[in-house]
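Subject: Structure for you to look at

Hi,

Here is the structure I promised to pass on. Please open it alongside this email; my notes follow below.

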Amino acid sequence: MRIDVLLGEAQVAPADVADRVVVVIDVLRAATTVAAALEAGARAVIPFETVDETASRAKAYARGEVQLAGERRMVRIDGFDLGNSPAEYTPASVEGRTILYTTTNGTTALAAAHGARVCYFAAFVNAAATVASVRSAITHSGDVTIICAGHERHLALEDVVCAGRLVRGITAGLEGVTRGDGARVAEMAERPFQGGIASVALEAGHAKSLIAAGFAHDVELCLTLDRYARAVRYHDRQLQLEPATRTEH
């Protein structure tokens with residue numbers, strides 16, 4: 001088995017994901033927000049790369065069936081129902097509805113995962129569940145690629161630290177694992193934060209920007225470990241919860 005981590009600065013090539021188990025990470029805030037939406041009862045989250053695509057797809061639904069959601073430059077898109085703050089995604093706002101969703105970084109990274117054998121969308125809030133799901137998916141064979149969404153085409157420390165945690169969990173106790181250089185870098189980046197991930201907010205530039213913009217509570221929510229017990233899977237261009245909690249080997 002080989003595990004690679006793409007750190008968020010290079011474009012993802014089809015060969016990076018083809019027939020692999022892929023995990024896309026966007027800690028601040030897309031993967032956290034999607035997990036919150038699904039746990040609050042959303043039917044599914046459908047990600048789009050552009051605002052125009054998102055609005056156009058809404059025409060295929062009755063208005064009460066969907067919520068338009070997402071952000072640009074950290075704030076809710078004009079005319080959309082919801083932004084990108086996980087706390088917005090309550091049962092009252094999303095239960096039973098399909099969320100049409102676009103963000104600056106996370107939904108673009110998901111688009112790059114097409115061709116994967118199976119794909120998950122992960123953050124700290126569902127890290128352990130994602131590790132368990134990946135380990136189940138590679139029981140017989142399979143290589144793993146972890147894609148850090150990054151922030152505006154640059155490395156984002158919080159994503160790399162989360163990737164390191166996933167690498168550590170996925171490979172624990174396994175023999176014959178080959179780590180790419182990106183995976184080794186991610187593991188090294190995660191070590192100082194093993195005692196507690198909240199301190200990532202003091203170091204990560206994206207976290208500091210969100211706090212300065214008034215989203216300190218979002219950062220706090222996003223840096224909460226294992227809030228949710230199920231992984232988020234990306235399948236048929238939709239994000240949904242795994243049907244049942246998987247047990248790590």
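The largest nonpolar core in this predicted model has 76 residues. Seven names to pick out there are Val24, Ile25, Val27, Tyr89, Phe121, Ile146 and Leu166, which touch the most other members. As background, nonpolar side chains in soluble globular proteins tend to be buried together.

Take Ile25 as a way in. Leaving aside residues up to four places away in sequence, Ile25 touches Ala122, Ile146, Ile147, Cys148, Ala149, Asp159, Cys162, Ala163 and Leu166.

Next, Asn126. This residue sits in the loop between strand S7 (118–122) and helix H6 (127–137). Is Asn126 buried or exposed? Its relative accessible area is 0%, under the 20% cut-off, so Asn126 counts as buried. A polar atom of the Asn126 side chain lies 3.0 Å from the backbone nitrogen of Ala123. Beyond four places in sequence, Asn126 touches Ala35, Phe121, Asp226, Tyr228, Arg230, Ala231 and Val232.

Last, the cavities. How many of 30 Å³ or more does the structure hold? There is one. The largest cavity contains about 110 Å³ of space. Its lining is made up of 15 residues, and Leu28, Glu71, Thr104, Asn105 and His206 lie nearest the centre. By type, the lining of the largest cavity splits into seven polar, five charged and three nonpolar residues.

Best wishes

How values were computed:
Residues are numbered from 1 along each chain as its sequence is written. This is a predicted model: local features need pLDDT of at least 70, side-chain atom pairs count only at pLDDT 80 or more; totals for chains, interfaces and linings use all residues. Side-chain values use heavy atoms; hydrogens and water are left out. A nonpolar core is a set of buried Ala, Val, Leu, Ile, Met, Phe, Trp, Tyr and Cys residues joined through side-chain atoms within 4.5 Å. Buried means under 20% relative accessible area, exposed over 50%, partly exposed in between (1.4 Å probe, protein chains only). Contact means heavy atoms within 4.5 Å. Helices (H or I, at least four residues) and strands (E, at least two) are DSSP runs, numbered from the N terminus. A polar contact is a pair of N or O atoms within 3.5 Å; within protein, one must be able to donate a hydrogen and the other to accept it, and residues adjacent in sequence count only if both atoms are side-chain atoms. On a 1 Å grid over the protein atoms alone, a cavity is a set of points where a 1.4 Å probe fits but cannot get out, and a pocket is an open set with protein on both sides within 12 Å along at least five of seven lines; lining residues have an atom within 4 Å of a point. Grid points are joined across faces, edges and corners, and a volume is the space filled by probe spheres set on the points. Ala, Val, Leu, Ile, Met, Phe, Trp, Tyr, Cys and Pro count as nonpolar, Asp, Glu, Lys and Arg as charged, and the others, Gly among them, as polar.
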